[in-house]
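Hi everyone, thanks for coming. I'd like to walk you through one structure today, so let's get it up on the screen.

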Amino acid sequence: MKTYPLQTNVNGLQGDITVPGDKSISHRSVMFGAVAQGKTTVTGFLMGEDCLSTVACFKQLGVKIEQNEEKMVIYGNGWDGLQEPCEVLNVGNSGTTIRLMMGILAGRDFHTTLIGDSSIGKRPMTRVTIPLSQMGAKIEGRQNGEYTPLSIRGGGIHGITYKAPVASAQVKSSILLAGLQAEGTTTVIEPEKSRDHTERMIRQFGGIVEEDGLAVSVRGGQPLRGTDVHVPGDISSAAFFLVAGAIVPNSIIRLKNVGLNPTRTGIIDVMQEMGADITITMQEDSLTEPIGDMTIKASALKGTVIGGDVIPRLIDEIPIIALLATQAEGTTIIKDAAELKVKETNRIDTVVNELAKLGAAIEATEDGMIIHGKQALSGGTVSSHGDHRIGMMLAVAALICKEEVALEGKDAISVSYPQFFDHLASLL
Ligand code: S3P
């Protein structure tokens with residue numbers, strides 16, 4: 001397999017970075033724009049492969065979408081404006097696209113077939129197909145609806161109260177999107193709070209959502225109106241530079257316009273607890289998503305225990321937090337994170353195996369990992385396994401490696417951060 005040489009042995013990263021738009025919010029802006037009535041203009045949209053898969057799927061569903069640079073203009077014609085597609089919809093690598101779109105299609109009285117890449121083909125779907133079937137959608141899929149290809153015929157659905165077995169914003173959002181089209185009220189109760197971008201966006205598009213502790217409810221039949229959406233920078237992308245700044249000696253990096261929604265900022269809490277020097281300046285309060293600038297300086301770090309309700313607030317950042325922990329004095333335990341096994345790769349295995357290749361003292365557990373620090377990293381050939389966040393984590397790891405590091409599967413990074421290597425180079 002083709003390998004890409006990574007920058008190693010770096011002594012100091014300095015500069016300012018504006019990370020690309022938030023992936024979760026970019027997906028939702030197109031989806032809500034597509035089902036709302038009227039024009040939606042999205043600025044700061046993430047032009048990564050995952051979000052472009054969402055755009056392509058909605059075009060196939062008959063929605064007019066114009067794209068230029070970082071702007072998307074969506075001309076929604078309401079839920080009834082969606083049309084039965086002639087071809088299979090392909091979501092590529094994107095779990096958010098397929099799970100949220102299933103919720104939208106559950107309310108549409110037509111037939112759709114959905115497929116994705118080989119990683120999507122291994123990701124569990126009954127977490128959405130079971131509740132959506134309970135609401136009345138007709139769904140078939142490989143292994144009783146667990147895996148793609150999936151086919152769905154929606155329409156005539158009714159509200160349910162669903163106690164979700166896992167804290168998952170994709171599951172919650174899928175059910176709420178179906179709920180907006182259902183007869184009566186739909187309630188999702190989560191075990192822990194997951195990211196709330198869908199709830200915020202329903203309000204931004206003129207809808208009503210009720211929240212009561214861990215329960216979120218919507219009424220069906222509410223009109224949604226097109227609007228302007230500004231997508232903040234993705235904290236999950238900023239995370240790679242937060243950790244790079246903390247572990248590469250003599251670094252100081254400023255990250256501008258980052259989304260700081262409290263359901264996403266678990267990494268900041270954990271890094272500060274570990275001793276990282278992070279300063280945050282919040283921008284003026286916006287009605288939709290909080291935004292701020294962050295400055296990170298190289299810091300002395302200590303190990304910690306990460307588990308419980310912070311996990312959904314940092315689930316996508318665990319690969320890069322594991323790297324951080326290799327540079328912290330003492331032991332770090334990551335637990336309650338079995339969800340990592342069903343991400344783009346099994347991220348317990350891919351993180352542990354790839355970091356171990358670089359000399360980290362790290363072991364897998366049933367629901368997380370244990371990392372012993374502080375451990376100097378050596379070098380070698382590593383692989384993203386087609387997982388964007390594993391690829392970026394390894395590129396940051398290489399910065400502190402003493403020997404050469406080669407990366408297999410570099411292209412996966414364009415799923416969420418196409419400019420990643422350019423931004424990294426600008427700090428050298
Ligand atoms: C996402 C939710 C999370 C996250 C994913 C994006 C979303 O997944 O890992 O990258 O946009 O709703 P789960 O809902 O499976 O936890």
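Predicted model: local features only at pLDDT ≥ 70, side-chain atom pairs only at ≥ 80, totals over all residues.

**Rings, charges and a ligand**

Let's start with F420, which counts as buried at 0% relative accessibility; buried means under 20% relative accessible area, exposed over 50%, and partly exposed in between, with a 1.4 Å probe and protein chains only. Residues are numbered from 1 along each chain as its sequence is written, and side-chain values use heavy atoms, with hydrogens and water left out.

Back to the rings. The structure has seven aromatic pairs, and to pair, rings of Phe, Tyr and Trp (its six-membered ring) need centres within 6.5 Å; planes under 30 degrees apart are stacked, over 60 edge-to-face, and the rest tilted. One of them joins Y417 and F420: the centres are 5.5 Å apart and the planes sit at 75°, so this pair is edge-to-face. Y417 is buried too, at 0% relative accessibility. F420 also pairs with F421, with 5.1 Å between ring centres and 75° between planes, so that is edge-to-face again. F421 has a relative accessible area of 18%, and is buried.

Y4 has something else going on: the charged end of K410 sits over its ring, 4.4 Å from the centre. By that I mean NZ of Lys or CZ of Arg within 6 Å of the ring centre and within 35 degrees of the ring normal. K64 does this with Y75, its charged end 4.3 Å from the ring centre.

Now, charges meeting charges. How many salt bridges does the structure hold? There are 24, each one a side-chain nitrogen of Lys or Arg within 4 Å of a carboxyl oxygen of Asp or Glu.

Take D22 and R264, whose side chains meet in a salt bridge at 2.8 Å, N to O. They come from distant parts of the chain, 242 residues apart: D22 is in the loop between β2 (14-18) and α1 (23-35), and R264 in the loop between β15 (252-259) and α9 (266-273). Those labels are DSSP runs numbered from the N terminus, with helices being H or I of at least four residues and strands E of at least two. Both D22 and R264 are buried.

Next, E344 and R123, which meet in a salt bridge at 4.0 Å, N to O. E344 is buried at 11% relative accessible area, and R123 is buried at 4%. This pair belongs to a network of salt bridges that links R123, R195, D316, E344, R347, D387 and R389.

For contrast, look at E211 and R203, with a salt bridge of 2.9 Å, N to O. Here E211 is partly exposed at 35%, and R203 is partly exposed at 38%.

Last stop, the ligand. What surrounds it? Residues with a heavy atom within 4 Å count as near, and they include S24, S168, Q170, R195 and D316. In S24, a polar side-chain atom lies 2.7 Å from a ligand oxygen, and in S168 a side-chain N or O atom is 2.6 Å from a ligand oxygen. Q170 uses a polar backbone atom, 2.8 Å from an oxygen of the ligand. A polar contact here is a pair of N or O atoms within 3.5 Å.

That's my tour, thanks!

Technical notes:
Polar contact = N/O pair within 3.5 Å; in protein donor to acceptor, adjacent residues only side chain to side chain.
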